[in-house]
Each structure stands twice: as C-alpha cells, then as structure tokens.
Amino acid sequence: MNLKDKKVLVVGTGKSGIGAANLLLSIGAVPVLYDEKADFDTAMLLGQLQDATKVELITGNLSEKIISSLELAVLSPGVPMDSEIAVKLIHSGCKIWGEIELAFQFEKGKILAITGTNGKTTTTTLLGKILKDHYDSVFV
C-alpha cells in the first residue's frame with residue numbers, strides 16, 4: 001500500500017504509537033496521532049517524533065471530517081476492536097491495521113512471530129539463540 005502523502009490515524013500515543021508515527025513519517029505518510037485522553041505532556045510526546053511539524057495531534061473527540069480523510073488507521077494493541085473509536089472507523093469503511101501489520105508491511109527483514117497462551121518466552125529465547133548463532137543481525 002502506498003501511503004506517501006496519505007493521512008494515517010495512529011490510535012494511542014504510547015511508546016508503540018510513537019514508533020508507528022515515526023515509521024509512517026519515514027515512508028512519507030502524514031500521521032495523525034489520536035488519544036481520547038488529554039492528560040499527557042504534549043511537548044514530551046512531540047519531542048519523541050522524527051518531525052513533529054508533520055504530525056497532527058488530536059485528543060478527545062475525533063471528528064467525522066478527520067475520519068473521512070483517512071487512508072488507514074493503525075490501532076495500538078491496547079485498543080479493542082469493539083471500542084467506540086474502532087467501531088466508528090469500521091463503519092466509515094476505513095482500513096484498520098494493527099501496529100504489527102504496519103511494521104510487517106514497511107520494515108525490511110524477516111519476521112518470526114510467536115503467539116499462544118503458554119511458552120512464548122521460552123520459545124522466543126530458544127529461537128533467538130538459534131537464529132543469532134546463524135545470522136549476523138537478529139533482534140529478539
């Protein structure tokens with residue numbers, strides 16, 4: 001998906017939301033950072049962005065005008081799909097990705113994902129060791 005010069009909503013202004021916004025900036029997209037809460041240090045948040053002048057920050061209510069202008073919405077893992085904002089986005093027809101999907105689509109390299117209820121840490125540690133012994137650059 002070509003997102004150059006396209007508005008992409010990032011729901012959630014935590015560490016992973018900032019990471020998603022920075023990735024979007026690096027590919028030429030126009031991130032719109034959104035959080036329904038307004039009780040955070042705006043200056044500190046904007047200081048973590050590669051170029052805060054190219055990011056719109058919205059708190060509180062998200063207008064229909066903004067929603068209709070979006071190419072994509074990226075939801076933080078902490079935002080349930082039955083939340084008010086997710087339901088609004090779904091009803092508007094906006095495409096929704098999680099942060100992992102965003103990273104997968106635009107980051108270079110191979111990705112190994114481990115899911116499940118039990119054993120993720122053990123499996124991750126074991127596979128990380130095996131891959132680090134075989135490849136020059138591995139991040140776990």
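Colleague: How do you know how the axes of H1 and H5 lie relative to each other?

Modeller: In this predicted model, where local features need pLDDT of at least 70, side-chain atom pairs count only at pLDDT 80 or more, and totals for chains, interfaces and linings use all residues, the two axes cross at roughly 30° and come within 11 Å. Axes here are lines fitted to C-alpha atoms, for helices over the stretch in contact, with angles from 0 to 180 degrees between N-to-C directions. Angles under 35 degrees count as roughly parallel, and H1 and H5 are therefore roughly parallel to each other.

Colleague: Which hand does the crossing of H1 and H5 have?

Modeller: The crossing is left-handed, meaning that the near helix is turned anticlockwise from the far one by less than a right angle.

Colleague: Which residues of H1 and H5 meet?

Modeller: From H1 come Ser16, Gly17, Ala20, Leu23 and Leu24, and they meet Glu99, Leu102 and Phe106 of H5; contact means heavy atoms within 4.5 Å. By class, this contact has 5 nonpolar, 2 polar and 1 charged residues. Gly counts as polar and Ala as nonpolar in this scheme. Residues are numbered from 1 along each chain as its sequence is written, and side-chain values use heavy atoms, with hydrogens and water left out.

Colleague: What makes the space lined by Lys110 and Phe139 a pocket?

Modeller: A pocket is an open set of points on a 1 Å grid, with protein on both sides within 12 Å along at least five of seven lines, and lining residues have an atom within 4 Å of a point. The largest pocket has 25 lining residues, with Lys110, Ile111, Leu112, Ala113 and Phe139 nearest its centre. Helices H1 (15-26), H5 (99-106) and H6 (120-134) are the elements giving two or more residues to that lining. The lining holds 15 nonpolar, 6 polar and 4 charged residues.

Colleague: How do you know the volume of the largest pocket?

Modeller: The volume is the space filled by probe spheres set on the points, and for the largest pocket that comes to about 970 Å³. The second largest pocket has about 210 Å³. Val11, Asp35, Glu36, Val79 and Ile85 lie nearest the centre of this second pocket, among 13 lining residues.

Key. 1 Å grid on protein atoms, 1.4 Å probe; cavity = no way out; pocket = protein on both sides within 12 Å on 5 of 7 lines; lining within 4 Å. Helix = DSSP H or I, 4+ residues; strand = E, 2+ residues; numbered from the N terminus. Parallel < 35°, antiparallel > 145°, perpendicular 65-115°, else oblique.
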